[in-house]
Amino acid sequence: LVQLVESGGGSVQAGGSLRLSCAVSGFTYSSYCLGWVRQVPGKEREGVAVFYTGSGSTYYTESVKGRFTVSQDNTNNTLYLQMNSLKPEDTAMYYCAAKENDGYCYKRLGAGVDYNYWGQGTQVTVSS
């Protein structure tokens, strides 16, 4: 059973930084798309970053490029999202998500992303 547990959310002023962590367990497939997805109440979920475990490739939605970095530490099975230069519009619930690789990791950005496994979410609030 795949399990994803996020941590690291919180409140920060605009321009600040936060690092989200996602402890991953139960993987049995050869490779996965691991993503960070955010949601604001009343809006659709938005994929903001993807990490493909097969090659280590990363993908970002345009609004976070140059500010967010997704990475994986294989020694402790943890996915990270380093968020710098945070803006009030980054305020959202952030979810860690995973799906067995289907060749389309790079497409899991923006609205309407599909994953098979989800964490419980961690709130990020950025004040101006």
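## The main core

The largest nonpolar core has 27 residues. A nonpolar core here is a set of buried Ala, Val, Leu, Ile, Met, Phe, Trp, Tyr and Cys residues joined through side-chain atoms within 4.5 Å. Buried means under 20% relative accessible area, exposed means over 50%, and partly exposed lies in between (1.4 Å probe, protein chains only). Trp-36, Val-70, Leu-79, Leu-81, Met-83 and Tyr-94 have the most contacts inside this core. Strands β3, β4, β5 (46-52), β7, β8, β9 and β12 (122-127) each supply at least two of its residues. Strands (E, at least two residues) and helices (H or I, at least four) are DSSP runs, numbered from the N terminus.

This is a predicted model: local features need pLDDT of at least 70, side-chain atom pairs count only at pLDDT 80 or more, and totals for chains, interfaces and linings use all residues. Residues are numbered from 1 along each chain as its sequence is written, and side-chain values use heavy atoms, with hydrogens and water left out.

What is Leu-79 in contact with, leaving aside its neighbours within four places in sequence? Its partners include Leu-20, Cys-22, Leu-34, Trp-36, Phe-51, Val-70 and Cys-96. Ser-21, Gly-35, Ser-71 and Gln-72 are also among them. Contact means heavy atoms within 4.5 Å.

A second, separate core has eight residues. Cys-33, Ala-97, Cys-105 and Tyr-115 are among them.

## Two disulfides

A disulfide is a covalent bond between the sulfur atoms of two cysteines. The rule used here asks for a pair of cysteine sulfur atoms within 2.5 Å. By this rule there are two disulfides. Counting bonded cysteines along the chain, the pattern is 1-3, 2-4.

Cys-22 lies in strand β3 (residues 18-25) and Cys-96 in strand β9 (residues 92-100), so the pair ties together parts that are 74 residues apart in sequence. The link of Cys-22 and Cys-96 is left-handed, with -80° about the S-S bond. Are its ends buried or exposed? Cys-22 is buried, with a relative accessible area of 0%. Cys-96 is buried as well, also at 0%.

The other disulfide is formed by Cys-33 and Cys-105, their sulfur atoms 2.0 Å apart. Cys-33 sits in strand β4 (residues 32-39), while Cys-105 sits in the loop between β9 and β10 (110-111). This pair links distant parts of the chain, 72 residues apart. The torsion about the S-S bond of Cys-33 and Cys-105 is about -85°, so this disulfide is left-handed. Cys-33 is buried at 0% relative accessible area. Cys-105 counts as buried at 4%.

## A four-stranded sheet

Strand β3 also belongs to an open sheet of four strands. The order is β1-β3-β8-β7, and the pairing is antiparallel. Two strands pair if DSSP finds at least two bridges between them. Which strands form the edges? They are β1 (3-7) and β7 (68-73), and each pairs on one side only. The twist averages 20° from one strand to the next. Angles run from 0 to 180 degrees between N-to-C directions, and axes are lines fitted to C-alpha atoms, for helices over the stretch in contact.

Inside the sheet, β3 and strand β8 (residues 78-83) pair in the antiparallel sense over six bridges. Leu-18 stands opposite Met-83 in β8. Met-83 is also one of the residues with the most contacts inside the largest core.

## Salt bridges

Side chains of opposite charge can pair when their charged atoms come close. A salt bridge here is a side-chain nitrogen of Lys or Arg within 4 Å of a carboxyl oxygen of Asp or Glu. How many salt bridges are there by this rule? The count comes to seven.

Asp-90 and Arg-67 meet in a salt bridge at 2.7 Å, N to O. Asp-90 is in the loop between β8 and β9, and Arg-67 is in the loop between β6 (58-60) and β7. Asp-90 is buried at 0% relative accessibility, and Arg-67 is buried at 10%. Both belong to a network of salt bridges that links Arg-38, Glu-46, Arg-67 and Asp-90.

Arg-108 forms a salt bridge with Asp-102, the closest N and O atoms being 2.8 Å apart. Arg-108 also meets Asp-114 in a salt bridge at 3.3 Å, N to O. Arg-108 is buried, with a relative accessible area of 3%. Asp-102 is partly exposed at 35%, and Asp-114 is partly exposed at 40%.
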